[in-house]
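Grab the viewer, try each task, then check the solution.

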Amino acid sequence: MSSVIFAIDPMLEGNVLWTPLLIVLVKVLLVFVVGLVATMLMVWFERKVIAGMQNRVGPNKAGPWGILQTLADGIKLFFKEDLIPERSDRFMFRLAPYLALVPAFLAFAIIPLGGDFRDGKGGLVTLFGHQTRLQLADPPVGVLFALAISSIAVYGIMLAGWSSGSKYPLLGAVRASAQMVSYEAALGLSLGAVLLVSGTLSTAGIVNMQSSIGNWNIVATGFVPFVIFLIAATAELNRPPFDLVEAEQELVGGFNTEYSSIRFALFFLAEFMNTVTMSALIVTLFFGGPQPISIGSTTLDIPFIPNAIEGTVWLLLKVLVFLYMYVWFRATLPRFRYDQLMDLGWKILIPGSLGWFMLLAAQRVGRDAGWDQIVVTSVTALVLIGGYGLLLAAQRVSRVNREKDGASF
Amino acid sequence: MELFVFVVAAAMVLAGALGVVTRSNPVHAAMSLVLTLFGIAVMFVSHNAHFLAAVQVIVYAGAIVVLFLFVIMLLGVDKAEDLSVEPITNQRPLAAIIGVGISAIVIAAIISSRAGLGASGEGVNETTIDSPDANIRQLARVIFSDNVFAFEITSVLLLVAVVGTVVMARKNKSVGIGK
């Protein structure tokens with residue numbers, strides 16, 4: 001049964017021919033290379049932009065504008081001595097970098113990288129007589145695949161910190177696991193709003209629904225899920241201002257303190273790869289992915305480029321905005337304190353995303369039942385405000401109880 | 001092909017399960033558990049139950065075992081256990097008897113119900129390019145219509161468990177810090 005092995009790509013069900021197999025192989029290779037090159041350029045981009053923001057020059061020796069600096073760094077790391085601490089757990093110490101790297105690459109597989117979504121074509125392009133999408137895989141679980149992968153990514157960091165057999169990496173790993181598990185809930189709940197509006201899990205389907213700016217999920221879901229998703233994604237990536245996992249001032253270097261040489265490079269690669277993937281995911285979920293910008297029926301068309309390639313250009317432009325934003329965050333925002341991090345995650349983001357999800361669901365039920373939208377919205381909003389008031393009261397009571405017990409926090 | 005996937009997944013599940021029991025280091029045992037859970041997810045995928053596979057990975061591998069590891073690291077019990085010491089006397093012979101008994105019951109149940117195994121129910125919808133969500137729609141309809149009471153009761157049970165844990169873990173006020 002050949003459909004089992006290709007179950008992840010429904011395009012191939014039925015007969016296994018050489019052409020579709022070749023297309024899949026080319027796609028795998030392409031996604032791998034695109035991922036690596038994008039990561040390389042992202043590292044350079046981040047260093048260059050931060051340098052600009054801090055009135056420095058930044059990397060400028062290797063290649064034009066120092067664009068090959070990351071390549072040089074990678075080669076240097078490759079030839080450095082690989083140290084394994086004596087008190088480490090050798091098997092886990094060796095395994096951890098791959099547990100960080102593989103999910104980073106896998107998550108990239110479900111991003112629609114281009115294609116023509118106009119005129120109801122649904123992103124399908126014809127390659128060698130076969131209709132296919134410009135994305136490695138469109139699994140039936142769609143976006144849930146990205147969630148599953150991001151929940152696996154925490155293992156790499158946790159095991160790296162634990163297996164080092166050293167205190168600071170362990171502290172970094174404990175922080176990482178608590179932070180990533182906490183924010184994953186907010187990430188998944190804000191994703192729920194997108195799925196509710198789109199009515200599908202498939203990434204290609206979600207992109208297909210967002211044909212003009214009015215249909216973009218950032219508008220359709222009412223902006224709040226986007227903000228929550230963005231904050232939760234930043235925390236999930238362990239990027240500033242949520243980089244407590246590798247707070248250099250407190251933990252030497254965080255979970256990767258004991259790593260050197262190529263193993264350290266793999267962690268570094270995975271981190272930046274995840275940033276690129278998460279930016280692409282945000283664009284896919286909220287900003288129409290490879291869809292061109294169009295208001296109403298007028299579409300902003302890039303001249304002289306065929307529509308099938310134009311999608312990739314739009315995706316690139318949109319992703320660049322978010323990559324720049326992540327760099328901007330890092331250059332400007334101070335790091336959160338640990339209790340602030342947990343307060344934000346558990347007391348604001350999770351109740352907020354849950355409440356917003358209920359509001360959207362109530363509106364949808366009201367529309368199906370033919371109720372007055374204004375009444376439905378205001379009643380739901382009142383209920384939610386009441387619920388939030390109860391939550392605040394509960395927090396106040398527990399704070400008073402804690403202080404009575406003599407706790408100082 | 002189906003047989004090949006089954007053999008690989010079954011090997012993963014069994015190797016992981018053996019690892020959980022035999023590894024003396026708790027972290028290694030937890031990682032073996034992850035291997036088992038992944039094997040089960042692969043089996044779900046090979047039976048076209050993609051949603052269950054995703055949920056299996058998100059909930060079990062992504063949240064529950066991470067919590068196990070978190071507790072192991074936080075409590076510092078990540079030292080290798082000495083497996084030659086028995087904390088409860090006669091633990092091993094008892095475990096062997098119970099294990100054999102449970103296997104016998106399971107095998108008896110399978111043999112006695114073998115007639116029913118051939119019959120096929122409605123099954124999960126094969127997902128196609130036109131409706132990749134058919135699988136999930138079907139599952140949602142069953143959970144939120146026929147079994148909605150069981151579903152809601154389960155969520156209440158979980159809530160009770162959470163509240164109960166908090167109540168039991170709270171320190172007695174009279175023996176609080178600094179008193």
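Helices here are DSSP runs of H or I with at least four residues, numbered from the N terminus. Keep in mind that this is a predicted model.

**Exercise 1. Place A:Val313 in chain A: which helix is it in, and is it buried or exposed, or something in between?**

Solution. Start with the helix: A:Val313 sits in H12 of chain A, which covers residues 307–332. Next, count neighbours. A residue is buried with 20 or more other C-beta atoms within 10 Å, and exposed with 12 or fewer. A:Val313 has 14 C-beta neighbours inside 10 Å, so it counts as partly exposed. Now look at who it touches: setting aside neighbours within four places in sequence, A:Val313 is in contact with A:Ile302 and A:Ile305.

**Exercise 2. Walk along helix H4 of chain A: where is the kink, and what covers the buried residues?**

Solution. First the length: H4 runs over residues 90–107 of chain A, 18 residues in total, and spans 27 Å from first to last C-alpha, close to the expected 26 Å. Then find the bend, a kink of about 25° at A:Ala96, shortly before the proline A:Pro97. Both A:Ala96 and A:Pro97 are on the list of buried residues in H4(A), which also includes A:Met92, A:Phe93 and A:Phe105. Last, check the cover: it includes helices H2 (18–53), H5 (143–163) and H11 (261–286) of chain A, along with helix H2 (26–46) of chain B.

**Exercise 3. Zoom out: how many helices and strands does chain A have, and why does it count as compact?**

Solution. Chain A has 14 helices and 4 strands. Its radius of gyration is 23 Å, close to the 22 Å the globule rule gives for 409 residues, so chain A is as compact as a globular protein of that length. As for burial, 45% of the 409 residues count as buried.

**Exercise 4. Turn to chain B: what are its domains, and where is the pLDDT below 50?**

Solution. The domain assignment gives domain 1 (1–80) and domain 2 (130–171) of chain B, with 22 Å between their centres over C-alpha atoms. For confidence, the mean pLDDT of chain B is 80, and 78% of its residues reach 70 or more. The pLDDT falls below 50 over residues 175–179 of chain B, a stretch with 7 contacts beyond near neighbours in sequence. Where pLDDT is low, predicted coordinates should not be read in detail.

Note on methods:
Residues are numbered from 1 along each chain as its sequence is written. Chains are lettered from A and ligands numbered from 1 in the order in which they are written. This is a predicted model: local features need pLDDT of at least 70, side-chain atom pairs count only at pLDDT 80 or more; totals for chains, interfaces and linings use all residues. Helices (H or I, at least four residues) and strands (E, at least two) are DSSP runs, numbered from the N terminus. The radius of gyration is taken over C-alpha atoms; the globule rule is 2.2 Å times the number of residues to the power 0.38. Domain bounds come from an automatic or database domain assignment. Two residues are in contact if their C-beta atoms, placed from the backbone, lie within 7 Å. The expected span of a helix is 1.5 Å times one less than its number of residues. The bend at a residue is the angle between axes fitted to the seven residues ending there and the seven starting there. pLDDT is the predictor's confidence in each residue, from 0 to 100.
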